[in-house]
Amino acid sequence: MIPTPFELSYLPETPSQTAGPYVHIGLIPNQAGFEIFQNNFSGDIAGPDVAGQRIVIEGRIFDGVGHVTKDVLVETWQANAAGRYNHPADKQHRSLDRGFRGWARTGTDFDTGLYTIRTIKPGSVVGRKGRKAMAPHVNFWLASRGINIGLATRMYFGDEEAANSQDPVLNIIEQPQRRRTLIAPRSERDGTIVYTFDIYLQGDRETVFFDA
Amino acid sequence: MTPEAEFHQHDRDLHPPAYTPVYKTSVLRSPRIPLWSLQNSLSEVTGPIFSPDELGRLDNDLILNYAKQGEPIGEQTIIHGYVLDGNGQPVSNTLVEVWQANAGGRYRHRNDTYIAPIDPNFGGCGRMLTDERGYYFFRTIKPGAYPFRNRINSWRPAHIHFSVFGTGFAQRLITQMYFEGDPLIPHDSIIATIPDKSAADRLTAKLDLSASRPLECLAYRFDIVLRGRRQTLFENKLQGS
């Protein structure tokens, strides 16, 4: 922008609006019930050449009366197993998996309310300058009918207790019981490693959401 | 632009708050505890990047991308504009996705039961990448208004849903675009969730006769502004970047 003398010019942000009940048409059309694009984005993001431990992240998203929501768009963004993001702003000297974007998209199931992400477990990521490294985590972003502006949160791993206890983000959350809303317990099911991350939009167990 | 700096904080006063009783569904889906303010780390300033070879040739042509036996019914319309950041810089090569109802106000979605018919030749979604100037355009059918269960006689003005990524995951935005002159705009409960009238007005696309195609179709102009990145005066950049 060309500066105008004595003016502090800055363009105002475009306001958010709810994604609405039919978000699936645009972003996950096969869940809406039709095929239109040759190439669809999905929640299954770790191809055979990607390094790292295969994991499943699944969970449900509850509204303020404890009802399971069944129409929520779920997106995740994460580093690779070496702890590097596939993005030019991440200039760490760590290996990059060209075949791993690190971004997943899915929706909670219309019948069960369950969402499922198939990915690899990310590595620990460098923190802000002067801060400790961040424990392995997956960034979440939710949008749906009734959500006026996308909700950002993070999932941490239940089997990373030592790293979690040092994490600079978890530690800014004043109440320890609220930190626990971000930690997904690990289990194994038929040989698959599953992390269960249930999200509570509201109520006694309300998940921590960030203004980042 | 290679993004390296942190984002300006969201101007939350320009966005709808989570809890807006005028839009009833928000009441049980709104967090009640304040959001934790989080300084940007690499997790926020990075985000997914898409490439042109992931998209199909007709992905930005909603008139043709689901045409089976002919073209969809309705007013053929061009929508175009720029994706910029708060500093006025173009947001280039970013994914813009759109979805909408057909000319009768019906969505091709298994959960939509409105009486207007499905158009066999209209899917209702498209996607494109902005060019180096942040410019995007697509061709579609102007969507119809439709009722929704909020109050008993609530109607949505004609609108197109937009999803935009930006250069970092913290810029992620979903919004809706409206059409200049639509008499339903002042009655809409979704627009009414935005407390700032001038911010809400920026969701209305302007009729753009200069971009219309004579004897063929009208055009509307809709620009999108995402949060900008801070200038890093007297400070070190994020570690690792």
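**Exercise 1. Is B:Phe222 buried or exposed, and which ring does B:Phe222 pair with?**

Step 1. Start with accessibility: B:Phe222 has a relative accessible area of 1%, so call B:Phe222 buried. The cut-offs are under 20% for buried, over 50% for exposed and partly exposed in between, with a 1.4 Å probe and protein chains only. Keep in mind that this is a predicted model, where local features need pLDDT of at least 70, side-chain atom pairs count only at pLDDT 80 or more, and totals for chains, interfaces and linings use all residues. Residues are numbered from 1 along each chain as its sequence is written, chains are lettered from A in the order in which they are written, and side-chain values use heavy atoms, with hydrogens and water left out.

Step 2. Now the partner: B:Phe162 and B:Phe222 form an edge-to-face aromatic pair, 5.0 Å centre to centre with 65 degrees between the planes. Rings of Phe, Tyr and Trp (its six-membered ring) pair if their centres lie within 6.5 Å; planes under 30 degrees apart are stacked, over 60 edge-to-face, and the rest tilted.

Step 3. B:Phe162 sits in strand β8 (residues 159–164) of chain B and B:Phe222 in the loop between β11 and β12 (224–226), so the pair ties together parts 60 residues apart in sequence. Strands here are DSSP runs of E, at least two residues, numbered from the N terminus. B:Phe162 is buried too, at 0%.

**Exercise 2. How many aromatic pairs are there over all chains, and how are the rings of A:Phe157 and A:Tyr195 arranged?**

Step 1. The count over all chains is 21 aromatic pairs.

Step 2. For A:Phe157 and A:Tyr195, the centres are 4.7 Å apart and the planes at 90 degrees, so this one is edge-to-face.

Step 3. A:Phe157 belongs to strand β7 (residues 151–157) and A:Tyr195 to strand β10 (residues 192–196) of chain A, so to speak distant parts of the chain, 38 residues apart. A:Phe157 is buried at 0% relative accessibility, and A:Tyr195 is buried at 0% as well.

**Exercise 3. What does A:Pro122 touch?**

Step 1. Find A:Pro122 in the loop between β5 (115–120) and β6 (137–143) of chain A. A:Pro122 is buried, with a relative accessible area of 4%.

Step 2. Leaving out residues up to four places away in sequence, the contacts (heavy atoms within 4.5 Å) include A:Gln78, A:His137 and A:Phe157.

**Exercise 4. How many residues does each chain give to the contact between chain B and chain A, and how many salt bridges are there?**

Step 1. Chain B gives 98 residues and chain A gives 84 residues.

Step 2. The buried area is about 8000 Å², of which carbon and sulfur atoms give 58%. Buried area is the accessible area (1.4 Å probe) that two parts lose on being put together, summed over both. On the chain B side, B:Arg29, B:Trp36 and B:Leu38 lose the most area to chain A, together 12% of what that side buries.

Step 3. There are 8 salt bridges between the chains, each a side-chain nitrogen of Lys or Arg within 4 Å of a carboxyl oxygen of Asp or Glu. One salt bridge joins B:Arg12 and A:Asp211 (2.8 Å, N to O).

Key: Helices (H or I, at least four residues) and strands (E, at least two) are DSSP runs, numbered from the N terminus.
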